[in-house]
Amino acid sequence: EEAFFTPIWPPLLALFRKVYLCREMAFAKSMKLYKDATPGDIGVAYKLFPPDPASLSGSYPYEAAVQELRLLSKDFCPQKKLECIVRALRLICECAEDYRSYHTPAAPPSAAAIGADDLLPILSYVAVRSELPQLVAECAALEEFIHEGYLIGEEGYCLTSMQSALSYVESLHRLKPAP
């Protein structure tokens, strides 16, 4: 797969970017409006980000997930791109567990930090911070070129979650003014 997609991914992505240009522009507009937003501004529950983001010593909430998601643009193989999205979501879960422990230190570690309802706003925040408007086209292309067997399990859940977050971010500039 890697040998096949490496030479054709750039022109293929360029085609998808043309097809999804309007959605990409809406995503970019919201991304620009919300670039300095806190997780709470995008709907993340207070318990799932640090009470004082300045305490993160120069970084910002969910930075590890943002950095992982930014790597998606460096790969040319759909499977590797999908794995990047999965890793980003796993990092979100790890960060959410850490941030939740700031608020409820006595909570048992076996309790799940986030559910699906919490994941969408966090993933939206991470997508905004990624500064990658081409995520819209990348995810659309992945949906077309990933083997259908991967779209049933964890990978499919992660890709669908990412696409839902991207759609939400696309609508942010129409819903309310930026913070």
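**Close-up 1. Contacts of I85 in the predicted model.** Setting aside neighbours within four places in sequence, I85 is in contact (heavy atoms within 4.5 Å) with L69, L72, C139, L142, C158, L159 and M162. The structure is a predicted model, in which local features need pLDDT of at least 70 and side-chain atom pairs count only at pLDDT 80 or more, while totals for chains, interfaces and linings use all residues. Residues are numbered from 1 along each chain as its sequence is written, and side-chain values use heavy atoms, with hydrogens and water left out.

**Close-up 2. The largest nonpolar core.** A nonpolar core is a set of buried Ala, Val, Leu, Ile, Met, Phe, Trp, Tyr and Cys residues joined through side-chain atoms within 4.5 Å; buried means under 20% relative accessible area, exposed over 50% and partly exposed in between (1.4 Å probe, protein chains only). The largest such core has 53 residues, of which Y62, I85, I92, I122 and V126 touch the most other members. Two or more residues each are given by α1, α2, α3, α4 (78–103), α5, α6 and α7 (154–175). Helix α4 provides the largest share, 10 residues. Helices are DSSP runs (H or I, at least four residues) numbered from the N terminus.

**Close-up 3. E138 in helix α6.** E138 belongs to helix α6 (residues 135–145). With a relative accessible area of 2%, E138 is buried. Apart from neighbours within four places in sequence, its contacts are W9, L13, L72, S73 and K81.

**Close-up 4. The aromatic pair F5 and F145.** Eight aromatic pairs are present in the structure; rings of Phe, Tyr and Trp (its six-membered ring) pair if their centres lie within 6.5 Å, and planes under 30 degrees apart count as stacked, over 60 as edge-to-face and the rest as tilted. F5 and F145 pair edge-to-face, at 5.8 Å centre to centre with 75° between the planes. This pair links F5 in helix α1 (residues 2–19) with F145 in helix α6, 140 residues apart. F5 is buried at 6% relative accessibility, whereas F145 is partly exposed at 32%.

**Close-up 5. The aromatic pair Y62 and Y125.** An edge-to-face pair is formed by Y62 and Y125, with 6.4 Å centre to centre and 70° between the planes. Because Y62 lies in the loop between α2 (21–33) and α3 (63–70) and Y125 in helix α5 (residues 116–130), the pair ties together parts that are 63 residues apart in sequence. Both Y62 and Y125 are buried.
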